[in-house]
Each structure stands twice: as structure tokens, then as C-alpha cells.
Amino acid sequence: MPNIGEKEIIAIGNVLNDQSRPLKERFRALFTLKNIGGKLAIEQICKSFKDNSALLKHELAYCLGQMQDSSAIPILIDVLKDNTQEPMVRHEAGEALGAIGDVSVIPLLQEYSKYPIPEIAETCELALNRLKWLQSNDHAKNVPKGPYISIDPAPPTDIFDINILKKTLLDENKSLFDRYRAMFALRNLQTLESILALSEGLKTGSALFKHEIAFVLGQLQEEITIPYLQASLEDTQENEMVRHECAEALGAIATSDCFQILNQYLEDSNQVVRESCIIALDMCEYENSLEFQYANTLVKNNK
């Protein structure tokens, strides 16, 4: 990331917060600010929590969590508590609080782990378990290093047996935290067998669980997962969080088949799904282009 000054950061923030701009441009601006980091970038991101796009607000919270800057905690707390915000936005705020890793939010997460909306309650339970894990002796041990830089809702387990991991992943009697640990361990193995085991997860469990499976499949970017992702995207009875994440995973895989599938849902009756397909198609274009980073293009165009 080049050295970017205050004027450039504000200019990028103006793109993010301009509702007249195409959504794909605003998303590029958001991820540029995430990569820049710092207080001013966070301030620009937080301005968009009043937007009418649940998808955009969900991604705002995700980026704030990945930045791991404690100055974002107050706004994330406000978003989690705000019952006028959509559940997928509040869920992501809870996950972001876990990703930042500040133990001061433990009492809040304990309170919201009993919330009546499952996506919010399960997320806060996961975030709480992550913070407890960070404080535990297990955290002091060497955690298996994976190929991904994302801050995950749970650490991968140190088990490498795919049959054991798959059994844990699909066992709804296991804790969600343990199932997530198996999920990220399977992702990091990056074998055909582990990828197919993950793909089966799209057929079972809560909306939160299936949405995370789809996110992981997007990270893996393996063509073999396309039929599984397509089936969940096409299921209009499926939770919008799951369909959204399946669309973005297809955008990351970015084959010609993915282009065709995503184009079919640009007019979907669900706004989150429609917008996810717009962003996913932009991701397809990016994956098939020579661009190195969103940031480079955006900064150049806004100087």
C-alpha cells in the first residue's frame, strides 16, 4: 500500500459514502480504506452505517473487525445493540468484536449470546468463545498456521484427520465453536477430500454455520464447489445471509460458469442477493483482470 495522505483517505471515504455511486465502486472504496487502516479510515467507514444497504453495512462491520483496531469498538457496540439494524449487520458487528480481541466486550457478548435472534446469539457465542480462547493456555500453544490471512471467528483445531474433522463439522450436537474449528482446519488442509467435506456443510446446520461454510469455500476458490454454491444460491427458501455468501464465493471462483450463474440473479426479489451478485460479478472481473489491488486504482482515480 503506497503512502496515502489525509486528503486521499477523505476522497476515498467520499466514494464510500456517496449513495449515488455504483455499489461496486463503494465496495472497492471500503476495502481500500480497510487496507489503509488507521483512525481516519475507520471514521470514514463508520459514516456508512446509516446506509439503506444491509449488504454494505454488513461489509463495513466485517472490515472493522479485520482491521483489529480497538477504536472501532464503540461503533460496533452501537450497531450490535441497534434493533433497527438488520440481523446480518448486527451479527457481523458481534463477529467483529470477537475479531478485534479486546476482552472488555466479554460482558456484552455474554448478554447477546442469549439474544432471541439466532444469527446474533450464535455469533456472540462464537465471539465470546474466541476471546476466552485468547485468554487460555491453548492460545499459548502453537496454533497450526494456515495459508489465509483472515481473522477467523475460531482458530483451527490441531487435528488433521479428515474423517474426524468432517464428523465434528457435521455434528449438530457439537458446540458451534468446535464445529468452526473443524471447518477452518479442513479449509487449511486444501485437499479434495477436505473441500468436499466442507461443501456438505452447506446442507446442514444454522444459517450462520452455512454462511461461514460458503465464505470458506470462497477463500478456497475451487471449481469443484460451484454446484454446491449454485444450489444454495438458487434456493429462494434459504436465508439471505447464506445466499449472499454463496454469491460472493462464486465471484471469487470467477469462472465463466460463475459469471452465468450470477447474472441470473441480478433481478432476484431479495435486495441482499441482488446486491451480492453485483459485487460478485465485479469480483469476477477483478479476478480475471491484471489489477494488483483495488486500492491502487482507486487512489489514482481520486487524487
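Both Asp-282 and Arg-28 are buried, where buried means under 20% relative accessible area, exposed over 50%, and partly exposed in between (1.4 Å probe, protein chains only). The model is predicted, so local features need pLDDT of at least 70 and side-chain atom pairs count only at pLDDT 80 or more, while totals for chains, interfaces and linings use all residues. Residues are numbered from 1 along each chain as its sequence is written, and side-chain values use heavy atoms, with hydrogens and water left out.

A salt bridge is a side-chain nitrogen of Lys or Arg within 4 Å of a carboxyl oxygen of Asp or Glu.

| Salt bridge | N to O distance |
|---|---|
| Asp-51 and Arg-26 | 2.7 Å |
| Asp-282 and Arg-28 | 3.1 Å |
| Glu-200 and Lys-166 | 2.9 Å |

Asp-282 lies in helix α17 (residues 271–287) and Arg-28 in helix α2, so this pair ties together parts that are 254 residues apart in sequence. Helices here are DSSP runs (H or I, at least four residues), numbered from the N terminus. Asp-51 is buried at 5% relative accessibility, and Arg-26 is buried at 4%.

Arg-90 belongs to helix α6 (residues 87–100). Arg-90 is buried yet has no salt bridge, and the nearest side chain of opposite charge, Asp-82, is 6.5 Å away. Here Lys and Arg count as positive and Asp and Glu as negative, while His and the chain ends are not counted.

Conventions. Helices (H or I, at least four residues) and strands (E, at least two) are DSSP runs, numbered from the N terminus.
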